[in-house]
Amino acid sequence: MATGRTHRPATRSRGIPEATVARLPLYLRALTALSERSVPTVSSEELAAAAGVNSAKLRKDFSYLGSYGTRGVGYDVEYLVYQISRELGLTQDWPVVIVGIGNLGAALANYGGFASRGFRVAALIDADPAMAGKPVAGIPVQHSDDLEEIIQDNGVSIGVIATPAGAAQQVCDRLVAAGVTSILNFAPTVLSVPDGVDVRKVDLSIELQILAFHEQRKAGEEAAAADGGVPAAAARGESADQGPDGDMPAVMPA
């Protein structure tokens, strides 16, 4: 079986836009659900609604993959699952290390979705000596002193950082020096990495703050509408049949 060390997806070299790459997992999740229900084909409108995107945007995204569907029939679900999985590099084994086995790191280690999506948790690493040897999700935690050796022995190119913010950059530097070229960062801090290293940041507090902003705005609009009898959509300067971008229906037809 190939490992993450020997092959990297060719999405960039094939000229697929990053925005399209970011939507491919959404399509794959929707398609996988259809496949599990033994649905053979799906229209662009149905798949777009399931993925939460515009159907025209979906068709454009799939054109980059060379998949155009069949008029009157739609897209073959199983073929699209394979095609997108291959494009994302999920038809091979990607060993991953998780650094920082606190509550969040332990939760990530116990997440069952990694294995089914082409990722194998190769090692769990923590700086606390008391954690060494303790099994989490059936995997013994190893001490961070051995980080470089663990990376090399397992051929790891993807690292997950779930440490406190103060330790994240040092951990990042060590991962990169050991050969890790992709990092998923859960620490509430911005990491500095050299060219050629990809970082994806997941900050739950920021996402909640953004939701709080929208809740506050909606409450203000509803109050204004109640005072003046103006529909909330009009208070935002939108027509009733437009979404927030002003160029598509808020709910796509199934």
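Predicted model: local features only at pLDDT ≥ 70, side-chain atom pairs only at ≥ 80, totals over all residues.
## The pairing of α1 and α4

Two packed helices are described by the angle between their axes and the distance between the axes. In this model, the axes of α1 and helix α4, which spans residues 77–88, come within 9 Å and cross at roughly 145 degrees, and the crossing of α1 and α4 is left-handed.

On the α1 side, the contact is made by Val21, Leu24, Pro25, Tyr27, Leu28, Leu31, Thr32, Leu34 and Ser35, while α4 contributes Val77, Glu78, Leu80, Val81, Ile84, Ser85, Glu87 and Leu88. Sorted by class, the contact of α1 with α4 has 12 nonpolar, 3 polar and 2 charged residues.

Most residues other than glycine have a negative phi, and most peptide bonds are trans. Serine 38 has a phi near 60 degrees, a positive value in a residue other than glycine. This serine 38 lies in the loop between α1 (18–36) and β1 (41–42). Serine 38 counts as exposed because its relative accessible area is 62%, where the cut-off for exposed is over 50%.

## Alanine 137, between two strands

A positive phi is also found at alanine 137, where the value is near 55 degrees and the residue is again one other than glycine. Alanine 137 is placed in the loop between β5 (135–136) and β6 (139–143). Is alanine 137 exposed or partly exposed? With a relative accessibility of 40%, alanine 137 counts as partly exposed, since that class lies between under 20% for buried and over 50% for exposed.

Terms used: Residues numbered from 1 in each chain as written. Heavy atoms only, no water. Helix = DSSP H or I, 4+ residues; strand = E, 2+ residues; numbered from the N terminus. Buried < 20%, exposed > 50% of the residue type's maximum accessible area, 1.4 Å probe, protein only. Axes fitted to C-alpha atoms, helices over the stretch in contact; angles between N-to-C directions. Left-handed = near helix turned anticlockwise from the far one by under 90°. Contact = heavy atoms within 4.5 Å. Nonpolar A, V, L, I, M, F, W, Y, C, P; charged D, E, K, R; others polar.
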